[in-house]
Structures are given as C-alpha cells and as structure tokens.
Amino acid sequence: MNDYTGKICPYCKTEFRPGDDIIVCSECDMPHHKDCWVENQGCTTFGCLGTIKAADNTASSVTATQMNYEDHRSTATPVNSGVVFCTQCGTQNANTSSFCSHCGNRLAAVPERAPQPPVYTQANPNNSNPYSYVNQQSNPYQTQNQYQNSGYNAYQSYQTAGVDADVQQLVGTKTEYYIPKFQMMKSQGKSSSWNWAAFWVTPYWMMYRKMYGYAAAVLAADIIISLIGSTFLSLLAFGGYITFGILGNSIYMKYLEGKANQAKAMNEPYKSQFIASNGGVNTTATVLAIIGRALLVGILLG
C-alpha cells in the first residue's frame with residue numbers, strides 16, 4: 001500500500017495519519033480521506049470525473065448508497081418563508097440575495113419550494129462505475145445525475161478550493177481561465193501561476209482588471225525608468241515584469257478576495273452594485289492609460 005502519511009487531503013486540508021481510511025481517484029491519483037470524498041461527492045481536482053479506489057489500488061468500500069446526494073437534501077419549506085431556491089443547484093437562499101451562496105448562479109424569482117430528494121437507480125447493472133446513476137425523479141432543480149453535469153462539477157470544484165461565489169462574480173470575464181488558476185494555487189498552497197498578460201503589459205493588465213492602485217504605481221516606475229534611460233534600471237524593470245508574470249494571478253486573487261470580503265458586509269442591492277463597480281474589466285481606462293503614458297513620455301523627452 002502507498003504511504004500517504006504526512007501528505008495533505010485536498011478537501012479538509014489536514015495531514016493523512018497512520019490508520020486513516022484513504023481512497024484515491026482512479027483518474028488523477030489524488031488521495032482523499034474516504035469521508036471527505038463522500039462529503040464532496042467526488043474528486044476535488046478541477047473537472048475530474050474519476051471513480052474511487054482504495055490506496056492500495058483495490059476496489060474501495062465506498063458504495064453507491066454512500067455517494068448519493070444526502071448533503072443537498074432539504075426539508076420542505078413553507079411558502080412565503082422568505083427564501084428562494086437556486087435553479088442551478090437547488091440551494092436555499094434568502095429572497096433578498098441576487099446570487100446563489102453555493103454556486104454563484106444569478107437567482108431568479110422562483111416559487112418558494114424545496115427540491116425533493118433525487119432517487120438514483122443504476123443505469124447499467126453490469127457497470128461498476130458509481131457515477132453511472134440516473135435521477136429517476138422529476139425535480140425542477142436537477143434533471144440528471146449531478147456527476148454528469150459539468151457545470152455543477154465546476155462550481156463544486158471552485159467551492160472546494162475556497163473560491164467563493166463573490167470572487168467568481170468579481171472576475172466577470174475569463175472566469176474559465178482565472179478560477180481554475182485560483183483553485184490550483186489554493187489546493188497546492190502556491191502563490192505562483194504564470195500569466196502572460198501580467199508579464200508583457202503589466203500596468204495595462206492591472207488597469208484592465210481594475211487594480212488601479214497597482215497600475216498607477218507600476219506606470220509611475222516605468223515612466224521614471226524610461227526618462228532616466230539607465231541600462232541597469234531597465235534590466236531591473238525587466239526582472240520586475242517577470243516577477244509580475246509569476247505572481248500576477250496571486251496578486252489578482254488576493255485583490256478580489258479583499259473586495260469580496262467588503263461585499264459580504266453589504267446588503268442588497270448595494271452588494272450587487274459594489275460587485276458590478278469593482279469587478280470585471282475596464283477597457284476605457286486601459287486605453288486612456290496607454291495614450292496618457294505615450295503623451296507624457298513624449299512631452300517630457302521632447
């Protein structure tokens with residue numbers, strides 16, 4: 001049997017100890033506590049749909065019954081109880097919320113009814129794959145096994161890594177690039193993740209992503225170095241760009257997390273307005289920054 005003692009479970013972030021019941025993913029070989037796998041409803045690796053096996057490569061004792069979605073089941077909620085259910089994942093939210101607290105989906109005005117527990121039957125009795133279960137019950141929130149719903153799995157992976165719904169909303173565009181990067185850095189405990197835009201056009205990338213303070217500081221340093229014309233300073237600046245290429249995603253993630261913490265203290269509609277104002281991108285400011293720098297350097301050198 002492989003010895004995973006001292007390694008970190010990607011779900012609960014604690015070390016494996018001797019005697020722990022450990023299973024690994026059949027696709028990516030990521031080890032998990034057995035209870036963590038069951039609670040997360042599958043592998044924590046982003047987009048992975050692997051099955052389960054024991055740490056010694058034998059079949060795991062986790063059964064299909066244990067793998068059903070008991071954690072997502074809710075008791076019936078009276079009508080007009082002040083709650084609304086997400087049409088993406090069925091999570092209960094306050095009726096004043098604009099986005100689902102679990103998956104980040106925009107909430108619509110839907111009848112206040114709790115989703116009924118899905119009933120799973122094995123689609124193919126000869127198939128040992130624990131994911132090959134089909135929901136046989138009509139449900140307004142789920143029409144098939146959530147393991148086969150790639151969008152749901154993506155949101156599950158984001159939540160597992162601690163990338164919450166507010167951060168997803170703040171990213172706005174290119175979430176398919178940034179959220180997996182954030183998830184990878186968090187799950188591996190790293191702060192490095194290469195970003196070409198942060199390397200080639202550091203201040204303009206920061207301006208585009210609404211990190212105005214960072215952008216202003218880098219632009220000021222860039223202009224000063226251009227005016228001095230020192231070879232040493234130019235090499236130093238190039239080293240700085242490499243550093244931003246390596247740490248750019250981490251800087252952006254921490255910036256968004258700070259904004260998300262501010263948003264969590266707000267009530268609607270102010271929270272949605274804050275996210276719209278501070279999230280996404282700003283193309284106009286980026287173009288003006290490029291033009292402004294070119295004009296300023298031209299005037300000072302002229």
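This passage describes the predicted model of one protein, from overall confidence to single residues.

The model is a prediction, so local features need pLDDT of at least 70 and side-chain atom pairs count only at pLDDT 80 or more, while totals for chains, interfaces and linings use all residues. Residues are numbered from 1 along each chain as its sequence is written, and side-chain values use heavy atoms, with hydrogens and water left out.

Confidence is given as pLDDT, the predictor's score for each residue from 0 to 100. The mean pLDDT of the protein is 76. A value of 70 or more is reached by 69% of the residues. Helices (DSSP runs of H or I, at least four residues) and strands (runs of E, at least two) are numbered from the N terminus. Confidence is highest in helix 6 (residues 202-208), at a mean of 95, and lowest in strand 7 (residues 133-135), at 44. Two stretches have pLDDT below 50. One covers residues 59-80 and has 49 contacts beyond near neighbours in sequence. The other covers residues 130-152 and has 73 such contacts. A contact means heavy atoms within 4.5 Å. Where pLDDT is low, the predicted coordinates should not be read in detail.

The protein has 10 helices and seven strands. Of its 302 residues, 43% are buried. Buried means under 20% relative accessible area, exposed means over 50%, and partly exposed lies in between (1.4 Å probe, protein chains only). Among contacts with a separation of 6 or more, 58% join residues 24 or more positions apart.

The largest nonpolar core holds 28 residues. Such a core is a set of buried Ala, Val, Leu, Ile, Met, Phe, Trp, Tyr and Cys residues joined through side-chain atoms within 4.5 Å. Val-171, Phe-182, Trp-205, Met-211, Tyr-252 and Leu-256 touch the most other members. Met-211 touches Trp-205, Met-206, Ile-251, Tyr-252 and Tyr-255, not counting residues up to four places away in sequence. In soluble globular proteins, nonpolar side chains tend to be buried together.

A search of the whole structure finds 12 aromatic pairs. Rings of Phe, Tyr and Trp (its six-membered ring) pair if their centres lie within 6.5 Å; planes under 30 degrees apart count as stacked, over 60 as edge-to-face and the rest as tilted. Tyr-178 and Phe-182 form a tilted pair, because their centres are 6.1 Å apart and their planes stand at 40°. Both residues lie in helix 4 (residues 175-188), four residues apart, about one turn of the helix. Tyr-178 is buried, at 5% relative accessible area. Phe-182 is also buried, at 0%. Ring pairs link Tyr-177, Tyr-178, Phe-182, Trp-205 and Tyr-252 into a cluster.

Most residues other than glycine have a negative phi, and most peptide bonds are trans. Lys-174, in the loop between helix 3 and helix 4, has a positive phi near 65°. Lys-174 is partly exposed, at 45% relative accessible area. Lys-210 lies in the loop between helix 6 and helix 7. Its phi is positive too, about 65°, but Lys-210 is buried, at 9%. The peptide bond from Glu-268 to Pro-269 is cis, with omega near 5°. Pro-269 sits in the loop between helix 8 and helix 9.
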